[in-house]
Amino acid sequence: MLIDPERYERALHFAATAHRGQVIPGSDNPYVLHPATVAAELIAIAASEPFDVDLAVTCALLHDTVEDTPVTQDELAERFGDAVARGVAALSKSDALPKDQRMADSLRRILLETREVAMVKLADRIVNLAEPPHYWSRDKRLAYQAEARVILAQLGAASPALATRLAARIERYGGFIPAAPAPE
Ligand code: NI
C-alpha cells in the first residue's frame, strides 16, 4: 500500500481544521482544497517513480499549516512524527527574514531534507501555477513565473516526473501574462 488512507484522512482533517475560515486567494473555495490538490500531484506519479509516498503526501496535506496557521512544528511532530514536522518546517517561509530572502532560505532548508520534501515544493508550485487571481499585476505574474524557474532549477532533480510537469506549467503560465505595454 503506497499510502495509508487513514493517515491521509487524519492529515486532511487536521489541515481542514487548521485552515478553517481561509479561502483560496481570488476565490470563495476553502483553502484546504489547495493542500489536497498538491497531495494529488504526488499520488499521480506514485506508480511511475519510487519514493516514500506516505511521507510526501502527509507533508503535502500539512505543508501550509505552520506558515499560515497557529499550528507549530512540535504539534506536527507529536501527531504525525518527526519526518513530517521537519519537512513542513523546511517548506515554511521564515517571517523572521526580509520578504525577498524567504524563498531562497526555504529552498536551502528543503535541500537539506529528504527528496520527498523537495517533491512537495515542486508539486506545490505546479498547483500554484494555475490561472492567477485577476487582480495580480503583470509584474507580479512575471516574478511568480521567474520564481518557479528557480524552484525547478534547484529542486527538479528530486523528481523527473514532477520536473517535467512543472516545466510545462511554467510555459503555460506565460499565457496568463499580458503582453508588455507599448512604449510611449
Ligand atoms: Ni502551498
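Predicted model: local features only at pLDDT ≥ 70, side-chain atom pairs only at ≥ 80, totals over all residues.
The protein is helical. Its secondary structure comprises 10 helices and zero strands. The C-alpha trace spans about 60 × 35 × 30 Å along its principal axes.

Burial and contacts were also computed. Of the 184 residues, 45% count as buried. Contacts between residues at least 6 apart in sequence were examined, and 68% of these join residues at least 24 apart. The accessible surface comes to about 9,800 Å². Carbon and sulfur atoms account for 55% of that surface.

The nickel ion is held by side chains from separate parts of the sequence. Its protein donors are His34 (NE2), His63 (NE2), Asp64 (OD) and Asp124 (OD). These donors lie 2.1 to 2.8 Å from the ion. Along the chain they follow the spacing H-x28-H-D-x59-D. The four donor atoms subtend angles of 74 to 169 degrees around the nickel ion, which makes the arrangement irregular. A tetrahedral site would need all angles between 85 and 135 degrees.

His63 has a relative accessible area of 2%, and Asp64 has one of 8%. Buried means under 20% relative accessible area. His63 is therefore buried, and Asp64 is buried too.

Note on methods: Residues numbered from 1 in each chain as written. Heavy atoms only, no water. Donors = N, O, S within 2.8 Å, 3.2 Å for Na, K, Ca; no water. Tetrahedral: all angles 85-135°; square planar, octahedral: opposite > 155°, others 65-115°. Buried < 20%, exposed > 50% of the residue type's maximum accessible area, 1.4 Å probe, protein only. Helix = DSSP H or I, 4+ residues; strand = E, 2+ residues; numbered from the N terminus. Contact = heavy atoms within 4.5 Å. Areas by Shrake-Rupley, 256 points an atom, 1.4 Å probe, with all protein chains shown as cover.
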